[in-house]
Amino acid sequence: METLQQLRDYFPTAVFTGKCLVFISEDWRVELTEHKDSDYSRGADQPSVIRVRIFRKAVNGEFVPGFYEDFQLPILGELAEQIEKYVQLAIGANLRENVE
């Protein structure tokens, strides 16, 4: 959860639920979750995997899972930039301002 807590500072419109970062708007929900590699043969210095899941609101008002992408970049600034670019291209909104 350490990386998610650091990303929370980069994305001021995000809400940290204790298990994920959530961006929500009228039409979209974006969740960031952190996953540690369970392969203990690899070094402990490997960065966590951040999974970005994108949901779109259906006609019935429920958020329906659309697609996801996993990010594993060691530099926090680069990780945040790539996540922001991915979501911006996927939903057409800027995470640092408001998900519209």
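Colleague: Which residue is the bridge partner of Val15 in β2?
Modeller: Val22 is. Keep in mind that this is a predicted model.

Colleague: How many bridges join β1 to β2?
Modeller: Two, and the strands run antiparallel.

Colleague: What order do the strands of the open sheet have?
Modeller: β1-β2-β3-β4-β5, with antiparallel pairing. β1 and β5 (63–71) stand at the edges. Each has a single partner strand, so one side of each lacks a neighbour in the sheet.

Colleague: And the helices? What does α1 touch on the sheet?
Modeller: α1 packs on the sheet and touches β1, β2, β3 and β4. Its direction makes about 140° with that of β3.

Colleague: What about α2, which strands does that touch?
Modeller: β3, β4 and β5. The direction of α2 makes about 20° with that of β4.

Colleague: Back to α1. Which of its residues are buried?
Modeller: Thr3, Leu4 and Leu7. They cover an arc of only 95° around the axis, so they sit on the same side of α1. The face turned away from that buried side carries exposed Glu2 and Asp9.

Colleague: New topic. How many residues does the largest nonpolar core have?
Modeller: It has 20. Leu7, Val30 and Leu32 are among those with the most contacts inside it.

Colleague: Which element gives the largest share of this core?
Modeller: α2, with six residues.

Colleague: What does Leu32 touch, leaving out residues up to four places away in sequence?
Modeller: Its contacts include Leu4 and Leu7, plus Phe23, Val52 and Ile83.

Technical notes. Residues are numbered from 1 along each chain as its sequence is written. This is a predicted model: local features need pLDDT of at least 70, side-chain atom pairs count only at pLDDT 80 or more; totals for chains, interfaces and linings use all residues. Side-chain values use heavy atoms; hydrogens and water are left out. A nonpolar core is a set of buried Ala, Val, Leu, Ile, Met, Phe, Trp, Tyr and Cys residues joined through side-chain atoms within 4.5 Å. Buried means under 20% relative accessible area, exposed over 50%, partly exposed in between (1.4 Å probe, protein chains only). Helices (H or I, at least four residues) and strands (E, at least two) are DSSP runs, numbered from the N terminus. Contact means heavy atoms within 4.5 Å. The arc is that of the directions from the helix axis to the C-beta atoms. Two strands pair if DSSP finds at least two bridges between them. Axes are lines fitted to C-alpha atoms, for helices over the stretch in contact, and angles run from 0 to 180 degrees between N-to-C directions.
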